[in-house]
Each structure stands twice: as C-alpha cells, then as structure tokens.
Amino acid sequence: MLVTGKQVLDQANKGNYAVGAFNVNNMEILQAVVAAAEELRAPVMVQTSEGAIKYAGIDYLSAMVRLAANKATVPVVLHLDHGTTYETIIGCIRNGWTSVMFDGSHLPLEENIRQTNEIIKIAHACGVSVEAELGRLGGIEDNISVDEKDARFTSPDEAVQFVKETGVDSLAIAIGTAHGKYKGEPKLDFDRLQTIKGLLPDTPIVLHGASGVPEDSIAKATKMGVNKINIDTDVRVAFTEGVKSVVTTSDEFDPRKICGPARDAMKKVVMSKIQLFGSANKA
Ligand code: TD3
Ligand code: ZN
C-alpha cells in the first residue's frame, strides 16, 4: 500500500531500524525493489531524482510506482530525492508523490530554513511528508583540515535550530558519506551522529551516499538512530553487471533476456540492504 514518508520513518525511529530508500528510473529497478521488500516483509521507499523524472517522465513514474505500491502488501513510499526546484516539488505533489525532499543544503542556513518552510507549508497541506538536508555531502579529502571538515559536516546546533524552526519530518545530515563510488574507505563521524540524535530524538535521521559504506558502519549508524538509508550506486552496478553477464557471453538480443538477469541481480542487492538496515519483518 502507498503510505507517506512520515508514517514509515516515525515507525522506524520508534523501532530503532532504518528503511531502505532506493532510486528507480525504469520498470525493472522498481520491480526489483518492491519484490525484495515483499519477500522480506519490509516497508520501503522508492525514490526518484529530478534526473529520473527527466528520463522517464513524471507521468510514467507516477503511474508505475503507484501501481506497484497499490499492489504491494507492504508499505511503499513514493519519494522525491534531492528536489531543488519549486516546479519539480509541486509537480510531484500533484502527481501523487507521498514524500518530497527539498535540498537546500547549498544555501546559507537562514535561507535553507526559509525555503524549506515554504515547501513544508504546501506539502503538509497536501498530506505529503518533507525531508530536508543540512550540511554538505561530497568527496572528503584525506588532507582536509578540521575547520573545513566542520564546515562541511552538519553542525549539531544548526540541526537543532533547523528542526525547531521548520518542523521538518526527517533530516539528512552529512557525517562523512559521499554520493557515488568511493575512492578510499569512508569513515563516518559517529560522535557527530550521536550528538545530533541525542539532541533530536524524535527526528528521523537520513543517510545519503550509503552505497559502498562498510556493513559494520551502516549497522552502527542504524543503531545510533539513522532511520532512512539512500542507495543508488550499488543497485546501478548490479543492473550493469547483470546486463554484462548476458551481453558479453552471448549474442542475445531479446531485451527480456538481457534485463531479466539484471532485475534478479538488483533484487538480491536490495534484499541484502534491507536485511542490513534491520527493516525486514517490520511491515
Ligand atoms: O540521493 N542518493 C541517490 C542519488 C545520488 C547519485 O548516485 C543517494 O544518497 C544515494 O547515494 P549512492 O552513493 O548510494 O549512489
Ligand atoms: Zn543523496
């Protein structure tokens, strides 16, 4: 069934686990994600980036995900990932998304608060949940100075002010992860996570850029109060490896025989993430 982000994330916060949020942009990825969640009886978030909407079309994604969610016997959220424009966010609300992220992380704090509040006013009036981001993700360099590190990572004081002045439903924080493939092994700032969660026990915390983060770090972050974990790259890699396993070893030209193994490979990856996040059997 289709539910809001707030419904699954408040549950996750109470139950001390994380819900997997997987990026989708075509039918096979969507089917892999929902089949994995069904098999493990897990709530799940299906998220679309602005790029995915451009690629597939807002009407196609809306129709496909809502069909999958309505057929599913587990809670499914249709979420906008990294919404940056008013137009995209309103478009998603009008097309049945049940959760939207407004990413104002590049803005000065006061402006991020102001613009997030504008989105929240509209989204909440429509029964749609809102995720915001504070601090900036990115490739963290080995030789970065502490000052620079602090400037990029989420400040606990600012997080408290942000939540107090917006009432946002969930908050994405920067504690050392980065989007895409990692060059070295990511090291998470668990002290920072613990401080932020201690100050904001009722706010579900979101971790972006979780592909490639060691399993023990993910498990630790989940125990410390991360309630939504974003995965894109690991599913993309599974898709591509699945396709390659057919096209590099045969003359196959039936799209079903090329995309089918890719779909199976993605489902396996999603299932292992759900198990790691502790959301299996929480539906
Ligand atoms: O917001 N996302 C997905 C879009 C990032 C482009 O890959 C994430 O936080 C997931 O990041 P990752 O590192 O798993 O791709
Ligand atoms: Zn992200």
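This is a predicted model: local features need pLDDT of at least 70, side-chain atom pairs count only at pLDDT 80 or more; totals for chains, interfaces and linings use all residues.
1. Residues are numbered from 1 along each chain as its sequence is written, chains are lettered from A and ligands numbered from 1 in the order in which they are written, and side-chain values use heavy atoms, with hydrogens and water left out.

2. The zinc ion (ligand 2) is held by H82 through NE2, H179 through NE2 and H208 through ND1, at 2.0 to 2.1 Å. Donors here are N, O and S atoms within 2.8 Å of the metal (3.2 Å for Na, K and Ca), and since water is not among the atoms, sites may look incomplete. Along the chain, the donors of this zinc ion follow the spacing H-x96-H-x28-H. Helices (H or I, at least four residues) and strands (E, at least two) are DSSP runs, numbered from the N terminus.

3. Both H82 and H208 are buried, where buried means under 20% relative accessible area, exposed over 50%, and partly exposed in between (1.4 Å probe, protein chains only). For H82 the relative accessible area is 18%.

4. Ligand 1 has 14 residues around it, of which D81, G209, S211, D232 and T233 come nearest; a residue counts as near a molecule or strand if one of its heavy atoms lies within 4 Å of it. An oxygen atom of ligand 1 lies 2.6 Å from an N or O atom in the side chain of T233, and an oxygen atom of the ligand is 3.2 Å from a polar side-chain atom of H208, the histidine that also coordinates the zinc ion (ligand 2). For N230, the separation between a side-chain N or O atom and an oxygen atom of ligand 1 is 3.5 Å. Taken alone, ligand 1 exposes 380 Å², and the protein buries 90% of that; accessible areas come from the Shrake-Rupley method with a 1.4 Å probe, and for residues only the protein chains shown count as cover.

5. Strand β3, where H82 lies, has eight of its eight residues buried, so it is largely enclosed by the rest of the structure. Strand β2 (residues 44-48) pairs with β3 in the parallel sense over five bridges, and two strands are said to pair if DSSP finds at least two bridges between them. Strand β4 (residues 99-102) also runs parallel to β3, joined to it by three bridges. H79 of β3 is the bridge partner of Q47 and stands opposite S99 in β4. Together, β3, helix α5 (residues 86-94) and β4 make a right-handed β-α-β unit, right-handed meaning that, with the strands pointing away from the viewer, the path from the first strand over the helix to the second runs clockwise.

6. Strand β1 (residues 19-23) has five of its five residues buried, so it too is largely enclosed by the rest of the structure. V19, A21 and N23 point one way from β1, while G20 and F22 point the other way. Four bridges join β1 to the parallel strand β8 (residues 226-231), with A21 opposite N230. Three bridges join β1 to β2, again in parallel, and A21 stands opposite M45 there. From β1 the chain crosses through helix α2 (residues 27-40) to β2, and this β-α-β crossover is right-handed.

7. E131, in strand β5 (residues 129-134), counts as buried at 1% relative accessibility. Its side chain makes a polar contact of 2.8 Å with the side chain of K228, and another of 3.3 Å joins the side chains of E131 and H79. A polar contact is a pair of N or O atoms within 3.5 Å; within protein, one must be able to donate a hydrogen and the other to accept it, and residues adjacent in sequence count only if both atoms are side-chain atoms.

8. N281, in the segment after α12 (255-277), has a positive phi of about 60° although it is not a glycine, and at 61% relative accessibility N281 counts as exposed.
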